[in-house]
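Good morning, and thank you for joining this group meeting.

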Amino acid sequence: MIRLSDSRFPIADSRSYRLAVLASGRGSNLQALLDAAPDSGYVIAGVFSDRANAQALDRARTAGVPALALDPKAHATREDFDAALFDSIDAAAPDLVVCAGYLRILTHAAVARFEGRIINIHPSLLPKFPGLRTHARALADGETEHGASVHYVIPALDAGPIIAQARVPVLPGDTPATLSERVLAREHPLLVACVHWLAAGRLLQNGSAVLLDSRPLAAPLLLGADDQLHESAEAISP
Ligand code: GRF
């Protein structure tokens, strides 16, 4: 693979699997990735945001990771902004781009630049509840189970091949806030487990399919209570 890195994003170890993380806000998923990096076979090469005041940028800098904010208003079009953003991302020479709470919809051209190497974490059991306000919508629909998904990014919103999911129960008296907290607690190990297997070369996107160890997955992987990914519900039941 050609490395386009520049001096802002030093490559300490050319064998490391490198992540670029996109985040717009709090950055708790980024923090989970930062915390797990030493044991999970990847390094975070850069963190990128559309908001200069994103807490995610502070988390990156505290961890000694290069952090960069680009202002969408400084660019005439969405295409111009994404082109500038992904030029910066390219400079970090990532093997994988991780959207972790990034609130802008990526342009088709941006997605095409990293086809098969860009993932997103979404707080619902996709294909249920793509888009926003997922927890409130799950409650309004009377769901008894909710959760989070990690999927490959394609141009259509929240519609790419699903790699893995974490399920949580919806409990009596839940509000969007309590449900969101329960889901978020499982998002962190879910994202770490997916990136760990991506870094190990075990997962690949093949069109609309996800390959695990070169075999197509019949269904998304499931996060078990052991925080590991499993191929079937039976494997994670107590
Ligand atoms: C998470 O719920 C993630 O699934 C969604 O946005 C939220 C980001 O949270 N895409 P954080 O910024 O990682 O704390």
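How many salt bridges does a search of the whole structure find? The search finds 8. By salt bridge I mean a side-chain nitrogen of Lys or Arg within 4 Å of a carboxyl oxygen of Asp or Glu.

Before I discuss individual pairs, a word on the source. This is a predicted model, in which local features need pLDDT of at least 70 and side-chain atom pairs count only at pLDDT 80 or more, while totals for chains, interfaces and linings use all residues. Residues are numbered from 1 along each chain as its sequence is written, and side-chain values use heavy atoms, with hydrogens and water left out.

Let me begin with arginine 113 and aspartate 87. Their side chains form a salt bridge, with 2.8 Å from N to O. This pair links distant parts of the chain, 26 residues apart: arginine 113 belongs to helix 4 (residues 108-113) and aspartate 87 to helix 3 (residues 78-91). Helices here are DSSP runs of H or I with at least four residues, strands are runs of E with at least two, and both are numbered from the N terminus. Arginine 113 is partly exposed, at 33% relative accessible area, and aspartate 87 is also partly exposed, at 46%. The term refers to values between buried, under 20% relative accessible area, and exposed, over 50%, using a 1.4 Å probe and protein chains only.

I turn now to arginine 186 and aspartate 227, whose side chains meet in a salt bridge at 2.8 Å, N to O. Here, too, distant parts of the chain are linked, 41 residues apart: arginine 186 sits in helix 6 (residues 176-199), and aspartate 227 in the loop between strand 11 (221-223) and strand 12 (229-230). Aspartate 227 is partly exposed, at 33% relative accessibility.

What does glutamate 231 form with arginine 215? The two form a salt bridge, and their closest N and O atoms are 3.3 Å apart. Glutamate 231 is in the loop between strand 12 and helix 7 (233-236), and arginine 215 is in strand 10 (residues 215-216), so this pair ties together parts 16 residues apart in sequence.

Finally, the strands. Strand 8 (residues 203-206) and strand 9 (residues 209-212) pair in the antiparallel sense over 4 bridges; pairing requires that DSSP finds at least two bridges between two strands. Asparagine 206 has alanine 209 in strand 9 as its bridge partner. The two strands form a hairpin with 2 residues between them, and glycine 207 in the turn has a positive phi of about 60 degrees.
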